[in-house]
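These are my notebook entries on a protein model that I looked through residue by residue. I wrote each one after checking a particular feature.

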Amino acid sequence: MRNTFINTLCDLAAHHEDIFLLCGDLGYSVLEPFAKRYPDRFLNAGIAEQNMTQVAVGLAREGYNVFTYSIGNFPTLRCMEQIRYDICYHEANVKIVAVGAGYAYGPQGVSHHTTEDLAMMRVLPGMNVCVPADACEARAAAEYMASHSGPGYVRLNKSGEPLLHDSTMPLSLTPGKFLSVREGSGTLVLASGAITALVLAELKESGEHWALWSAPFVGSYDQRTLMDMARTYTEIVTVEEHQLNGGFGSSIVEAYNDMYSQNLLPSMPKIRRIAVPNTFIGQSGTQDYLRKVAGLTLFN
């Protein structure tokens, strides 16, 4: 997923001369193609993510569409003050790319477990939060962010994600829209990010004929789509590799509650949220192992 995003960004930079890439002294074996093709539009800011963010804003004010790249918590949680005041308050054209969503860097421990970022990023005014589920969505995310003006956040897994969509067919992303991964009835599962592949595998193994949709954006959902979902399915299940508090599932509940309070829905749909149970998983291990420890499964 990360390679696809960067390779797509590299190709897009040939036609979008405003694209500028910053990194925090990492991404080796991933960022070299961009650095070699566009040395004047690439900068390694060193292990100084807050400075990197401020440099990005300065470049954006000079007309660049700037992408910052680092591991999980480092370009996000470590830089929240700079993101809030410098990027979002000034509506700067800066896209934050965090690789290693959830437990992708599980062996490195809690410091590398990216499980609170969605809650923090989606609350910021003007922040466009994108969570691709596979390489096809990562490519479409790069294309969207290359043409979108304003703050953006892209949450990527590390690597090795199975394809969920036909890679031969063009895919475009629109904020507020969902992508169908599997047709079904009764229950609709809405999944965010790379864990969507695990959900699909579970559904196939279980024999349940539930529908599965990917949510490549968090927030600003299309109300007509939400109303259709509530009418069509008896239950909605949200799945994410993130804390239960404040994440993707919370955004769905909030959207439905607001619609219900505005008399746009006759009743609240039944919503079940699957996420990290609001606790630190103080263990190191593979992503699959830590997902199991956190109870990220449809069927307990």
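Before the first entry I noted a cut-off: a residue is called exposed when its relative accessible area is over 50%, and buried when it is under 20%. I also noted that the model is a predicted one.

**Entry 1: positive phi angles**

I looked up Ser29, which sits in the loop between E1 and helix H2 (32–37). Its relative accessibility is 58%, so Ser29 counts as exposed. I wrote down that Ser29 has a positive phi of about 80°, although Ser29 is not a glycine.

I then turned to Asn263, in the loop between helix H9 (248–261) and strand E11 (271–276). Asn263 is another residue other than glycine with a positive phi, here near 65°. With 70% relative accessibility, Asn263 counts as exposed.

**Entry 2: aromatic pairs**

How many aromatic pairs does the count come to? I found 8 aromatic pairs, counting rings whose centres lie within 6.5 Å. One of them joins Phe20 and Tyr64, with 5.2 Å from centre to centre and 70° between the planes, and this pair is edge-to-face. Phe20 belongs to strand E1 (residues 19–23), while Tyr64 lies in the loop between helix H3 (49–61) and strand E3 (65–71), so that the pair links distant parts of the chain, 44 residues apart. I checked accessibility as well: Phe20, at 7%, counts as buried, whereas Tyr64, at 26%, counts as partly exposed.

The pair that I looked up next was Phe178 and Trp213, which is tilted because the ring centres are 6.1 Å apart and the planes stand at 40°. Phe178 is in the loop between strand E6 (152–156) and strand E7 (179–182), and Trp213 is in strand E9 (residues 211–214), so this pair ties together parts that are 35 residues apart in sequence. Are these two residues, Phe178 and Trp213, buried or exposed? Both Phe178 and Trp213 are buried. I also noted that Phe178 and Trp213 form one aromatic cluster with Tyr221 and Tyr233.

I followed Thr225, a residue of helix H8 (residues 223–232). Leaving out residues up to four places away in sequence, Thr225 touches Lys177, Phe178 and Trp213. Thr225 has 18% relative accessibility and therefore counts as buried.

Leu190, in strand E8 (residues 187–192), was next on my list. At 0% relative accessibility, Leu190 counts as buried. Neighbours within four places in sequence aside, its contacts include Phe178, Trp213, Met229, Phe248 and Ile252. For a distance, I took Leu190 and Val154, which are 36 residues apart in sequence and 18 Å apart in space from C-alpha to C-alpha.

**Entry 3: a charge over a ring**

I looked at the ring of Phe67 and found Lys95 lying over its face, at 5.8 Å from the ring centre.

**Entry 4: cysteines**

How many disulfides does the structure hold? I found 0 disulfides. Cys10 is in no disulfide, and the nearest cysteine sulfur, which belongs to Cys23, is 14 Å away. Cys10 is buried, with a relative accessible area of 4%. Cys88 is likewise in no disulfide, and for Cys88 the nearest cysteine sulfur is that of Cys79, 12 Å away. The relative accessible area of Cys88 is 7%, so I recorded Cys88 as buried.

Methods. Residues are numbered from 1 along each chain as its sequence is written. This is a predicted model: local features need pLDDT of at least 70, side-chain atom pairs count only at pLDDT 80 or more; totals for chains, interfaces and linings use all residues. Side-chain values use heavy atoms; hydrogens and water are left out. Rings of Phe, Tyr and Trp (its six-membered ring) pair if their centres lie within 6.5 Å; planes under 30 degrees apart count as stacked, over 60 as edge-to-face and the rest as tilted. Helices (H or I, at least four residues) and strands (E, at least two) are DSSP runs, numbered from the N terminus. Buried means under 20% relative accessible area, exposed over 50%, partly exposed in between (1.4 Å probe, protein chains only). A charge sits over a ring if NZ of Lys or CZ of Arg is within 6 Å of the ring centre and within 35 degrees of the ring normal. Contact means heavy atoms within 4.5 Å. A disulfide is a pair of cysteine sulfur atoms within 2.5 Å.
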